[in-house]
Amino acid sequence: MPRQTQLLYPARPPAPARDAATVLLLRDGDQGMEVLMTRRSATASFVPGAYVFPGGGVDVADAGCHTRLQRRISQSSTQLTQAVAAIRESFEELGVLLARHADGRWASQADIEALDRQVDLHTQCSAAGLTLAADAVFVLARWITDRDLPKRFDVPFLVARMPPDQQPVADETEQFEPVWVKPADALARHKSGSFFMIYPTIRTLERLLDFVDVAAVLQACAVSEAPLWTSCPRTGLLAGREARYMEHESAFGELALVCPDGQIVHPLDWQHERVVPLLNNVQRLTASNPGVMTGPGTNSYLVGDASTGYIVIDPGPLDGEHLAKLYRAAGGDIRLIVCTHSHPDHSPGAQPLQALCANTPPIAGFASAATARAASAFTPDRSLLNGELLTLSPPGLEANSSHESCHTLQVIHTPGHAANHLCLLLLQDGLLFSGDHVLNGSTTVIDPPDGDMDDYLNSLELLIAACQAQQVKFILPAHGYAIGGPDDEAMAALLRLKQHRLQRETKVMRAMQAQPQASLDDWLAVVYDDVPARMWPVAKRSLLAHVARIESMIDRHDD
């Protein structure tokens, strides 16, 4: 994790999250699957007036009736308590009761009308010969309220099929206007302004769009007792307004890096006029070269501070204004310029930036190989060594690179995207500068002959091992926002990337086996059928790299 001394904003632990439970009651309607929603009181202390799923806080008594309910053997004690809380809340708020008679019949509307919503449910069910049906309740998701809010909840979103022949009736105190609605319709009505919902409700309904009916939802949830997703969203500023992101979305990692305690202060707009501080010792300036291959532009990074001077990572394309901004952001005190590789959007700015500096900082990296294209020719002033340490130290501490105020980058040679590609680990803060090897929002193109898929996957394994050893939590790519989070998000991103590449390779192998005499273009249409056709010319280069790797593996096996 980044050092506390390098955080831009002081640590501010979030308010503790209270335990609660919510249940999505589903049914199959004539026009598709529907979910039961209800409007909260306009005077409620939490999200007044919002349309929600029934639910509420977990009571102490909810944990005391595990022996008097129907359950799945795989449900944990905590999950049973949550299921009981959801069943109780749906009964108290909407008069819906997930309970069965001894012969298996669901509680009827007459059974429910004989009960009192203000009296202990468990006692009443026992007297009426009813048993709570916790076995019919499955875990769909887990939502944890944003870190910045003073009132927070840790809520499993549970799911169950609506019992037959029951009619929801709101308590007219906490909840009003129960309505059956298709997820798509609820989302459309919210967008039009007539059906106010909060973020977790919206995102949950969006996920339900992937399911054709109630059986499909329950089947997906029954695979395990784990939620299909867990989220504690983070919020940044986009065009001056708050914008919220889940863990799988591109901006989440950057918000976790810059505002670990959830402060809503970090602007996410891509702009090229000034550096963006990510930590006290890391700044990013994005070149004004957005495009299909570069995303919002190429990220140049400044590592260091005023007491140590700076290392520039990837000065970027030949753009005088961009280079002048880098120079000014460093106060002219640039000690080293490192190019992660020699592609035209990364290294051409190195010599002009060097010329701006009175101390003529060396340009470091790996020389381009003979396989590089002419536009990627590159010869550094200083050839780096794999594993070499590049340390910035305040005056007087040059011999003590482990001191708290030093910044040390470790070089990792990672050929694959280019033969001379390297990544850099900022050891004191657990950060990986990944160049083009790992990107946010896309996968890097492997363009033979300088690009090599076998090298790329081997280098990815090196990064995975290095990040495990150094407990890296965040990845700073050459294109896109920072990737990662306080837990295992960075490692998960690396593993997903590896899985994605291998899955693509499996598709290539199947296409080659099914159509051994087909052309590369024929295979392209099959292998990249999930990619827009406009991107196929670029994807064709990576396909060629996959084919070369597969043929090489076959040759090695034959030998």
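Does Ala251 count as buried or exposed, and at what relative accessibility — what is the answer here? At 0% relative accessibility, Ala251 counts as buried. Buried here is under 20% relative accessible area, exposed over 50% and partly exposed in between, with a 1.4 Å probe and protein chains only.

The model is a predicted one, with local features needing pLDDT of at least 70 and side-chain atom pairs counting only at pLDDT 80 or more, while totals for chains, interfaces and linings use all residues. Residues are numbered from 1 along each chain as its sequence is written, and side-chain values use heavy atoms, leaving out hydrogens and water.

As for the overall picture, the protein has 13 helices and 26 strands, taken as DSSP runs numbered from the N terminus (helices H or I, at least four residues; strands E, at least two). Its C-alpha atoms fill a box of roughly 85 × 65 × 45 Å along the principal axes. Of the 559 residues, 53% are buried. Contact means heavy atoms within 4.5 Å; of the contacts between residues at least 6 apart in sequence, 64% join residues at least 24 apart.

Back at Ala251, the residue sits in the loop between strand 13 (241-245) and helix 7 (252-258). Setting aside neighbours within four places in sequence, Ala251 is in contact with Tyr245, Leu268 and Tyr481. Pro362 lies 111 residues from Ala251 in sequence and 34 Å away in space, C-alpha to C-alpha.

Seven strands make up an open sheet with mixed pairing, in the order 14-15-16-17-18-19-20; strands pair if DSSP finds at least two bridges between them. Strand 14 (276-279) and strand 20 (382-383) are at the edges with a single partner strand each, so one side of each has no neighbour in the sheet. Within the sheet, strand 16 (residues 299-305) and strand 17 (residues 309-313) run antiparallel and are joined by five bridges, with Ile313 of strand 17 as the bridge partner of Tyr301. Helix 8 (residues 320-329) packs on this sheet, touching strand 15 (282-286), strand 16, strand 17 and strand 18 (334-338), and its direction makes about 165° with that of strand 15. For such angles, axes are lines fitted to C-alpha atoms, for helices over the stretch in contact, and values run from 0 to 180 degrees between N-to-C directions.

Elsewhere, strand 24 (residues 431-435) pairs with strand 25 in the parallel sense over four bridges, and Gly435 stands opposite Pro477 in strand 25. From strand 25 (residues 474-477), Phe474 and Leu476 point one way and Ile475 and Pro477 the other, and all are buried.
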